[in-house]
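Student: I am new to this structure. Could you walk me through it?

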Amino acid sequence: MNVTQFTETNQLHEMTYWGIRASIGVIFIVYGLQKFHPIWRDYLIGFGLPPELQIPIALAETIGGIFLIAGFMTRITGIIFSVILLDAIFHIRWEKGFLISQGGWDYDLALFAMVLFVLVTGSGKISLASKVKIPNLLH
């Protein structure tokens with residue numbers, strides 16, 4: 001493999017990685033925005049969670065999604081999203097079984113795997129964090 005092929009492959013990997021981050025980000029933005037609706041308080045109560053968590057969850061998902069797309073604080077966002085997804089799997093969906101068609105947790109598991117990949121990988125080269133000097137913790 002020559003240097004040009006290596007660079008092109010590396011760029012393709014970075015673009016693909018950004019696509020994964022952006023996909024997760026869009027999913028969380030959409031789900032986060034719907035959680036601002038007042039009816040979501042009733043859903044939280046139905047799940048056995050305090051309704052006071054409505055706005056913090058909505059903000060975490062919406063802002064975190066934006067951060068993933070931009071490539072800022074990706075690891076911190078990954079930790080927060082991991083907690084949200086694990087709670088969804090074990091607290092909300094576990095008893096419904098694996099299949100999402102029956103209200104199960106297979107979709108959450110796939111998102112969790114992608115979030116773990118982001119958590120391990122960090123921001124990547126197509127990111128705000130790679131363009132601005134910020135502490136590594138915020139990558």
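**A first tour**

Tutor: The protein has six helices and zero strands. Helices (H or I, at least four residues) and strands (E, at least two) are DSSP runs, numbered from the N terminus. This is a predicted model, where local features need pLDDT of at least 70, side-chain atom pairs count only at pLDDT 80 or more, and totals for chains, interfaces and linings use all residues. Residues are numbered from 1 along each chain as its sequence is written, and side-chain values use heavy atoms, with hydrogens and water left out.

Student: What does the C-alpha trace of the protein span along its principal axes?

Tutor: The elements run α-α-α-α-α-α from the N terminus on. Along the principal axes, the C-alpha trace spans about 55 × 30 × 20 Å.

Student: What percentage of the 139 residues is buried?

Tutor: Buried means under 20% relative accessible area, exposed over 50%, and partly exposed in between (1.4 Å probe, protein chains only). Of the 139 residues in the protein, the buried share is 33%.

Student: How many salt bridges does a search of the whole structure find?

Tutor: A salt bridge is a side-chain nitrogen of Lys or Arg within 4 Å of a carboxyl oxygen of Asp or Glu. Searching the whole structure on that basis gives a count of two.

Student: Which residue meets Lys35 in a salt bridge?

Tutor: The N to O distance in this salt bridge of Lys35 is 2.9 Å, and the partner is Glu61. Lys35 lies in the loop between α1 and α2 (39-46) and Glu61 in helix α3 (residues 54-70), so the pair ties together parts 26 residues apart in sequence. Lys35 counts as buried at 8% relative accessibility.

Student: How are α4 and α5 oriented to each other?

Tutor: Axes are lines fitted to C-alpha atoms, for helices over the stretch in contact, and angles run from 0 to 180 degrees between N-to-C directions. Helix α4 (residues 74-93) and α5 have axes 9 Å apart and pack at about 160 degrees. Angles under 35 degrees count as roughly parallel, over 145 as roughly antiparallel, 65 to 115 as roughly perpendicular and the rest as oblique. So α4 and α5 are roughly antiparallel.

Student: Where is Tyr107 found?

Tutor: Tyr107 has 32% relative accessibility, so it counts as partly exposed. Its element covers residues 106-121 and is helix α5.

Student: What distance separates the C-alpha atoms of Gly25 and Thr62?

Tutor: Gly25 is found in helix α1. Gly25 is buried, with 0% relative accessible area. Gly25 and Thr62 are 37 residues apart along the chain, and their C-alpha atoms are separated by 8.2 Å.
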